[in-house]
Amino acid sequence: MPVAEPYSLGQQVEIANIAGALKKLWSEGEGVKTRASLINLAVYSEKPGSLERNTQLISRIAESHACRALVIGVNRESKENRVETWVNAHCRLTRAGSKQICTEQISFLLEGPCVKLLPSIVFSHLDSDLPLYLWWQDDFPEAMDPQLWAWVDRLIFDSQGWTNFATQMRLVETAEQEAKQRIVLCDLNWTRLDKVRYAIAQFFDHPASHHHFAEMESVTVNFAPGFKSTAILLVGWLAAQLNWKTNQQEMNGSCRFLDANNQKIDIELREKPGAPIGDVVLKSQSVKFCVAPAKCGDLLEVSRSGENEAAKPQMMPAQTNDPVDLMTQELLRGGPHHVFLRAVNCVRQLLSPRSASGD
Amino acid sequence: MNRAGEQTEVNPLREGLSTRAVPQPCSVVIFGATGDLTHRKLMPALYNLGADGELPPAVTVIGFARRPKTDDDFRKEMEDAVKKFSRQTVRDEIWKNFAQSIFYHQSDFSDEAGFKSLAQRLEKIDKERGTRGNRLFYFAVGPDQFEPILKHLKGAGLNKEAEGSWARVIIEKPFGSDLKSARELNRVISNSFSEEQTYRIDHFLGKETAQNILVLRFANAIFEPLWNTRYIDHLQITAAETLGVEGRAGYYEGAGALRDMVQNHLLQLLCLVAMEAPSDLRADSIRDEKVKVVRCLRRMTQEEVATNVVRAQYTDGAINGKPVPAYRKEEKVDPKSMTDTFVALKLNVDNWRWWDVPIYMRVGKRLPKSATEISVHFKKAPMVLFSKETNEANVLVIRIQPDEGISLRMEAKMPGTSFRIEPVKMDFHYGTSFGKASPEAYERLLLDAMSGDATLFARRDEVEEAWAFIDIIENAWSAKKKTPELYLYPAGSWGPEQADELLARDGRSWRRL
């Protein structure tokens, strides 16, 4: 079986011959190769060169998530119809090293008015019975085909790159409603916060530390340029989980919440080069809880300190900003994302109309 | 299997981050800290948990052993062990940090003063590191050491749980060598720790596939309706290993395959396969159902033991083309040893579900390959339409190790104009479908113990019921009259022919592995 280089789209085939080409791909195989698939993973992008870039991403994602990948590159601007398709396979050795496990990829380039055919193209090449995960890499257009949502099980996107958070979130939620709430919304910007959320949450695992929730005075979050939306989502999560109500909407990086006892919690968001989320400091009346990227880059240093308590930093894993890592992590997670949706609601309340872009 | 819902005060920031109960900060005291288990399993497991961010930062490890050494000596020793045995590469930044949480406490297990000073040290650690009075005592020592350690832990007040904190003890097998000694051991443990504080570890239950048995059975509607005497012909459970005694002759000589493997691992697997659906996933709900299975195991007479149990011992042979010596020629083994290195059994679970469904088990050392699996052999379909010669039964196989997964054998028509039927296999491999490596069993079990989830640990009554069943066989083997024979099998074979006959006389055969 000819196994394509990671960057190559593989063998070009007529769209009507995809099934036959895939069959041939496997029948020509030599040695022990197993086709594996747990999900249909469709990746959609309108950015030039996305097919090659996404092929590279899929080859890495497939190392830990066997899937049928449908990589779709779209050019709406073209006036002429053009549909081109390729098939290839990404193989890896099993941990035992005895045989190769392969994920198959079908790539589509759609140009011109035929982009409307997207749902029919996707639907006709799904691995039956397996869930469909759609990774949408661009802003969502206003007019979306409701048919598409009827088939999607998990919609993956990254709100960090959105031009307008409120508008985009409305479109995503419309899609979710059209699918009768069946779609699980998966924001990679939320996944980006996983490790920081772990690091913050662990401070409060013991019930003896819960009194600090009621004594919280301020939260400071440093974020890298372009990641203000990530920082706001983090603050939205804290507010949603700790029942803080918006008192002052976000303005120039500052905002304020009120807790259940109407005590103020001041929030400071500061742009600073470095990791997407840099230092995070939560101050209660008596203790300062810090989460900061460690010097080595892929670890977090966590510590708590107070008047009678010296800081004893500990290391915890940090989140990388690599899209493959984010996707791999997201694909490992099952179930709905209720906590994310609550955080999004808080973000909505937090963003003043002026700063609705979240950036 | 998680107790998150049982916690009185839940951390709201944990919601959605973890579906399991969160481990609490604690001091983990390992008795036998310089031993093989600590080097190979415990410390690598603790490091991996720390590196993955699963351990609360305050968790502190105290190695307790006789040999004099400093904290730094012990840390260096553990660093070498973790580098050698960890499933992930050891990173200096993480190790440096993790090493700060490791301490060494030198004392003899019989020295009361050593335990008093341990208590003082733990109190200091509580204050300095925020372990909040929570203590997990891990007994990585032989059972002969249990009693003095337990006695002195109690003497030093370390068995007591202060308000809002806990003290737990993890006991490694063997949990006794017969019912009497198991009861005595449980009595000794219960003098110092309550049953709720006691965690009897069976690492088989920490394996992903063992836990998946409940999911397979109770989360899939297609299997459970067939999971009974009406549709199942018989069950087979095999635990085969190519290894010999590997330096464990001192223990193994007194134990043998029946005590070493069947009493715990294999009966635990049988319980998971044969139990009724629990009312919920709480530890005791699951263990209540498991113990019922052991209670329903049909007790055998001495004659029935001779008929239904085959014991054997390996002689000279070869594994993977390499000659290996007979068991009796192994170091520290009695040249006239009568220890069983292979056991095959035919069991019956006398309840409604399993009436008249024989369960065949085999376990052995120096077998041709290492594999642990459960196979469910369904009854044959009525062959009214097709040739009787081609009629194979459906078999569902749950592979515990290696190559964890599930496969289903079914009949299919061969391509062609004639009507030929051949068995085909639908196969699910964990390693193929999920690229992510499963955590080591000890990692899962240590986390469970730290979070107070005893689901995957054996309860006192399970252990005692299992011994009550095993004792009947052991007693028959040691009887002076009509003693069942100890057969011999060459290393590298699948056991003595009598093991094959055990099934052949019922018109069945062992599944080929």
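Two residues count as in contact here if their C-beta atoms, placed from the backbone, lie within 7 Å. Everything shown is a predicted model, where local features need pLDDT of at least 70, side-chain atom pairs count only at pLDDT 80 or more, and totals for chains, interfaces and linings use all residues. Residues are numbered from 1 along each chain as its sequence is written, while chains are lettered from A and ligands numbered from 1 in the order in which they are written.

**View 1. Chain A as a whole.** Take contacts in chain A between residues at least 6 apart in sequence: 70% of them join residues at least 24 apart. Chain A comes to 11 helices and 17 strands; helices (H or I, at least four residues) and strands (E, at least two) are DSSP runs, numbered from the N terminus. Its C-alpha atoms fill a box of roughly 70 × 50 × 35 Å along the principal axes. As for burial, 43% of the 359 residues of chain A count as buried. A residue is buried if 20 or more other C-beta atoms lie within 10 Å of its own, exposed if 12 or fewer, and partly exposed in between, with C-beta atoms placed from the backbone.

**View 2. The two domains of chain A.** Domain 1 of chain A spans 11-188 and domain 2 spans 194-327, with bounds from an automatic or database domain assignment. Their C-alpha centres lie 35 Å apart. Where they touch, 7 residues come from domain 1 of chain A and 7 residues from domain 2 of chain A. Helix α2 (residues 50-61) of chain A gives the largest share of the domain 1 side, 3 residues. That domain 1 side splits into 4 nonpolar, 2 polar and 1 charged. For the bookkeeping, Ala, Val, Leu, Ile, Met, Phe, Trp, Tyr, Cys and Pro count as nonpolar, Asp, Glu, Lys and Arg as charged, and the others, Gly among them, as polar.

**View 3. Where chain B meets chain A.** On this interface, 26 residues of chain B are in contact with 35 residues of chain A. The elements giving two or more residues to the chain B side are α3 (92-99) and α11 (430-433) of chain B. By type, the chain B side holds 9 nonpolar, 10 polar and 7 charged residues.

View 4. Two strands pair if DSSP finds at least two bridges between them. Strand β2 (residues 60-65) of chain B runs parallel to β3(B), joined by 5 bridges; B:F64 has B:H105 in β3(B) as its bridge partner. Axes here are lines fitted to C-alpha atoms, for helices over the stretch in contact, and angles run from 0 to 180 degrees between N-to-C directions.

**View 5. The domain contact in chain B.** Chain B is assigned domain 1 (4-172) and domain 2 (206-503), with C-alpha centres 33 Å apart. Their contact takes 18 residues from domain 1 of chain B and 11 residues from domain 2 of chain B. Helix α1(B) supplies the largest share of the domain 1 side, 6 residues. That side divides into 11 nonpolar, 2 polar and 5 charged.

**View 6. The nine-strand sheet of chain B.** Here 9 strands make an open sheet with mixed pairing, in the order β16-β15-β14-β13-β7-β12-β11-β8-β18 (chain B). Each of β16 (421-429) and β18 (486-490) of chain B has a single partner strand, so one side of each is left without a neighbour in the sheet. Neighbouring strands are turned by 20° against each other on average, direction ignored. Strand β8 (residues 309-315) of chain B and β18(B) run parallel, joined by 5 bridges, and B:R311 stands opposite B:L486 in β18(B).

**View 7. B:M261 in helix α8(B).** B:M261 has its place in helix α8 (residues 249-274) of chain B, and α8(B) lies across β7 (232-240), β11 (342-347), β12 (359-364) and β13 (371-378) of chain B, at about 140° to β12(B). B:M261 is buried, with 23 other C-beta atoms within 10 Å. Leaving out residues up to four places away in sequence, B:M261 touches B:A239, B:L266 and B:V363. The C-alpha atoms of B:M261 and B:F342 are separated by 10.0 Å, though the two residues sit 81 residues apart along the chain.
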